[in-house]
Protein chains: 2
Amino acid sequence: MNQIDQTNALATAPALPAVTTGPLPASSKRYVAGVIHPEIRVPMREIAVHPSAGEPPVTIYDASGPYTDPAVQTDIARGLAPVRSAWMAARGDCEAYTARSVQPADNGFATGTRLVPDFPVQTNPLRAMGGKAVTQLAYARAGIITAEMEYVAIRENLGRAAALPTPRDGEDFGASIPDYVTPEFVRQEIAAGRAIIPANINHPELEPMIIGRNFAVKINANMGTSAVTSSMAEEVDKMVWSIRWGADTVMDLSTGRNIHNTREWILRNAPVPIGTVPLYQALEKVDGVAENLTWEIYRDTLIEQAEQGVDYFTIHAGVQLHHIPLTVNRVTGIVSRGGSIMAKWCLHHHRESFLYEHFDEICDIMRAYDVSFSLGDGLRPGSIADANDAAQFAELETLGELTQIAWAKDCQVMIEGPGHVAMHKIKANMDKQLATCGEAPFYTLGPLTTDIAPGYDHITSAIGAAMIGWFGTAMLCYVTPKEHLGLPDRADVKTGVITYKIAAHAADLAKGLPGAQARDDALSSARFEFRWEDQFNLSLDPETARSMHDETLPKEAHKTAHFCSMCGPKFCSMRISHDIRAEAQKDGMAAMAAKFREKGEVYLPAAEVAE
Amino acid sequence: MNQIDQTNALATAPALPAVTTGPLPASSKRYVAGVIHPEIRVPMREIAVHPSAGEPPVTIYDASGPYTDPAVQTDIARGLAPVRSAWMAARGDCEAYTARSVQPADNGFATGTRLVPDFPVQTNPLRAMGGKAVTQLAYARAGIITAEMEYVAIRENLGRAAALPTPRDGEDFGASIPDYVTPEFVRQEIAAGRAIIPANINHPELEPMIIGRNFAVKINANMGTSAVTSSMAEEVDKMVWSIRWGADTVMDLSTGRNIHNTREWILRNAPVPIGTVPLYQALEKVDGVAENLTWEIYRDTLIEQAEQGVDYFTIHAGVQLHHIPLTVNRVTGIVSRGGSIMAKWCLHHHRESFLYEHFDEICDIMRAYDVSFSLGDGLRPGSIADANDAAQFAELETLGELTQIAWAKDCQVMIEGPGHVAMHKIKANMDKQLATCGEAPFYTLGPLTTDIAPGYDHITSAIGAAMIGWFGTAMLCYVTPKEHLGLPDRADVKTGVITYKIAAHAADLAKGLPGAQARDDALSSARFEFRWEDQFNLSLDPETARSMHDETLPKEAHKTAHFCSMCGPKFCSMRISHDIRAEAQKDGMAAMAAKFREKGEVYLPAAEVAE
């Protein structure tokens, strides 16, 4: 079944990129086996703390894949182990077949040294047998708990036992977040359309993850080559780099040449779901002339990418001909690339979008490979002035209609959202999406809460992202500092991912996700107890935390110092707090505290207190 | 009246720091004169746009002082022009007197080359005559519109005319934001205690600004030398640097030696209000031993700093003895330096705080110089776990009580707030502050919405800051990336300020501040029209925006290119939007749009549309 294409093999390849591997500081990997599916091994990251803390390691969600497991030898020319292949085989509803043959146009007619080499290992793709739906939604509706479902249930619990008391805090705005995630709960959420597991049957390297309002908020990192600047090696490296810092999914938004081959390298090395916008590649195939796009070219591109294993497609089928006039008086028109391409096509031909008209057929392709829909927001606002306008909400109505069609075909669906939205309009966006799209997961870009800070749009958008995540958005698409200005480099990717981990975690805390606060508590305890190493290791970016500390206090002795450079030893509030605690114990202060609280916090003369 | 102290003059000084001067790109300064007080000249910054835009310059708030005015020659050894001296003289209620003489302890007993030189120009301080209150609150209550009040009214309007229609948007949660700020409105807000103008009569270099819920949200930048690392020159430079990027006030949180002299250099060169925590200096005077603090030492420090011209004092008078037991079971105890110092003092002596007991006398000092209170939140939560707990809210109740006492003495008051607070608890903080403290302006540090990102706490806190600013907080104290790790350097100060300008502006947009969106709209128009230079110039940080763009497209020609490196020319959604607009005009699309809207956005067959 495996076949190596020698005509364009690695012999002609440039030196392979060195992706970053190895565990993060003080971290080790633990795998938890399934019960229904004993063969699954769900990764978690454990961060050890100093013995003086007397605390167990802190377990956190681990999106980084085998790259951080020192026991696994990775080789990007071989790809990751196809762990899910056996799961698909066990279900017995797919068949391997000879793939569509790669066309020169798939790689933008790149040849010779300009052509990214084929991935060395090639496998025949799978597809559903006999028109079946092989989607997680179809299984869920049939009452089947798949390996993927049990996997994500274990993953979300982070090693918590079902019996563990979970003190609840937070405001979830009507979500139904359980104390403990069971595989059956996952199945129900997927069956209801409230969550998806993007998991193409041709992406066996995937470590399944779930996107839904009743689970931890996830983040996506965008990358991709462009016509202006690009290299396959860089993109694979960025993918591995982004998941090292916590990206849950990665979108390959490549344009220009070599799209097909670059994507293959990414997919074979990706333990996270990979999303694409197939329209970008289709447009390359018609040399960038939007009006020359046809349903046939687009359809062929969907199959090409589904066979490769892309887990979700952004499809801008909600941009309809009659919406376009609604954008004419906008400050920033149409800012979605996919949206503008489709609008141009519609306008040129003065007819309805072929994506809208062929949506049924698109569903038939998606269900045969379990590619999830990410229904694109082609008319999202690109400026504060355009937020929540008629164009945006008209498209959202169409997306709600398309969601029902996709669900009827057993396809998994999430909905993309804005964009640029001032804070007071964010909740209206979320509420309208929930109402219009039947609670299908919302997947938003930011939103950016002001237009005035190019160069800092990771921050303008983290504000909106944290809020909309709290209100119910299931996945946040990161924004890097380069947004509006250029393509993100490796440093920008890391900044974007860390920033969005902050937003997602802030949202998890606010919506009251059980267990979310454990990491905050562990880090704050370390801070209070001057366990500097633990404080670094428990942080989202241990390297940066350590290097900032060491700028002013570089000596090793300062890592156990009971102060830092901010206040110096005499002024350290935390050191003084320890003195207070010591005195309090001497005085039986806890008992005093109880007495004060009882008396309603009225000041009592010392004599009365002493009694 | 002016006297130069030659014993420790500039002859012994190190080379003076070169502060950054000159206008920001495409920017010029415009001054608007008063009507009631024709002598006042209120600065505004105008950013010119390319002639092709056909738009007037964009006027924005300008906190940068004379340093960005090429017509003004600044010299930090002379200080800024004492523009307000004439205003105080005209009021005729102050008298000059011989200042308290500087003690060796004021500078931590630094001598010789380790002593920061005296500021070369020394002036006798002013104080109120005959026990009068010379505060803006006293004047406001007496029905007097001071020069300061008219100044801030003009400043807030940014050149808008009273008659200009101001389309209102936003949710202000019960604030009373006017369409147009009149001097009388300012007077009323100050009289009601809802706003303050921190403006010590001994800080004549000040360009007055207002802090209140019904005005633009302001930001504060902290700086200051510490025992571990310090230099006077760096601090003056950081102050000028921070206001260049938009800091509205600056707190000098110096500890260690040279506190007095460093502060003098900062004040004489500061066009923004300067705040301090007098307790820090008082503690230095007792060599860092909290229990050795006395009311007399503290009182003397208040007078020392009031005479120098400090505009607001953080005073932790709300930390009472009976609150301390409430902190014993916290994850991070007491994290406010001032709070922990006072708690230790109270506990050691087992008696009520001398700040609380002498609060009346403190008010008498404050009113004689118009130093504003910033009532410190000594028990603010230092971790997510401790947010909104009994200790925090018990102190807030005391702050409410102290606010009433200060107001009875005609003192201006703002209230400091947290800290670390998850998003779902932020609104409760704001609401409780408004209710408890009679709508005195709230001044918060962040809040940080998670504990897990040391190195990125400007971002964790910008999320909380934007939200609490929207809910009604009047001023946001910045947090830099170094928070929890070390002292901010120049780059950190800039990052902190820009991040907080984002949070404050996002809050202004959300609360519906009239005119706030003009800069967003101008920048977005520039973006849409590919006026790259305008996009850079209108941004909060033109240098960073430009350099990020130039990383991938450095050529000058690309500054007029109708694409950028993100998508390349073929995929540029904005370029396609222009094509669409052109086609739309050809087709009379605007008319079509109207028709579609009229028919309720139902899709119409092309035939019907064409009719």
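User: Start with H14(B) and H15(B): which handedness does the crossing have?
Analyst: H14(B) passes H15(B) in a right-handed crossing, meaning that the near helix is turned clockwise from the far one by less than a right angle, with anticlockwise counting as left-handed. This is a predicted model: local features need pLDDT of at least 70, side-chain atom pairs count only at pLDDT 80 or more, and totals for chains, interfaces and linings use all residues. Residues are numbered from 1 along each chain as its sequence is written, chains are lettered from A and ligands numbered from 1 in the order in which they are written, and side-chain values use heavy atoms, leaving out hydrogens and water.

User: What angle and axis distance for H14(B) and H15(B)?
Analyst: H14 (residues 457-471) and H15 (residues 490-511) of chain B pack at about 30°, with axes 8 Å apart. The axes are lines fitted to C-alpha atoms, for helices over the stretch in contact, and angles run from 0 to 180 degrees between N-to-C directions. H14(B) and H15(B) are therefore roughly parallel (under 35 degrees; over 145 is roughly antiparallel, 65 to 115 roughly perpendicular, the rest oblique). Helices (H or I, at least four residues) and strands (E, at least two) are DSSP runs, numbered from the N terminus.

User: Which residues of H14(B) and H15(B) meet?
Analyst: On the H14(B) side they include B:His458, B:Ala462, B:Ala466 and B:Trp470; on the H15(B) side, B:Thr495, B:Tyr500, B:Ala507 and B:Lys511 are among them. Contact means heavy atoms within 4.5 Å. The residues of this contact divide into 9 nonpolar, 5 polar and 1 charged, where Ala, Val, Leu, Ile, Met, Phe, Trp, Tyr, Cys and Pro count as nonpolar, Asp, Glu, Lys and Arg as charged, and the others, Gly among them, as polar.

User: And H14(B) against the other chain, how does H15(A) pack on it?
Analyst: H15(A) and H14(B) pack at about 40°, axes 10 Å apart. That makes H15(A) oblique to H14(B). A:Thr499, A:Ile502 and A:Ala503 meet B:Ile459, B:Thr460 and B:Ile463; by class this contact has 4 nonpolar, 2 polar and no charged residues.

User: How much area do chain A and chain B bury between them?
Analyst: About 11,200 Å², 69% of it on carbon and sulfur atoms. Buried area is the accessible area (1.4 Å probe) that two parts lose on being put together, summed over both. The contact takes 130 residues from chain A and 130 from chain B.

User: What about A:Glu264 and A:Arg268?
Analyst: Their side chains meet in a salt bridge, 3.0 Å from N to O. A:Glu264 and A:Arg268 are separated by about one helical turn, because they are 4 residues apart in helix H6 (residues 259-268) of chain A.

How values were computed
A salt bridge is a side-chain nitrogen of Lys or Arg within 4 Å of a carboxyl oxygen of Asp or Glu.
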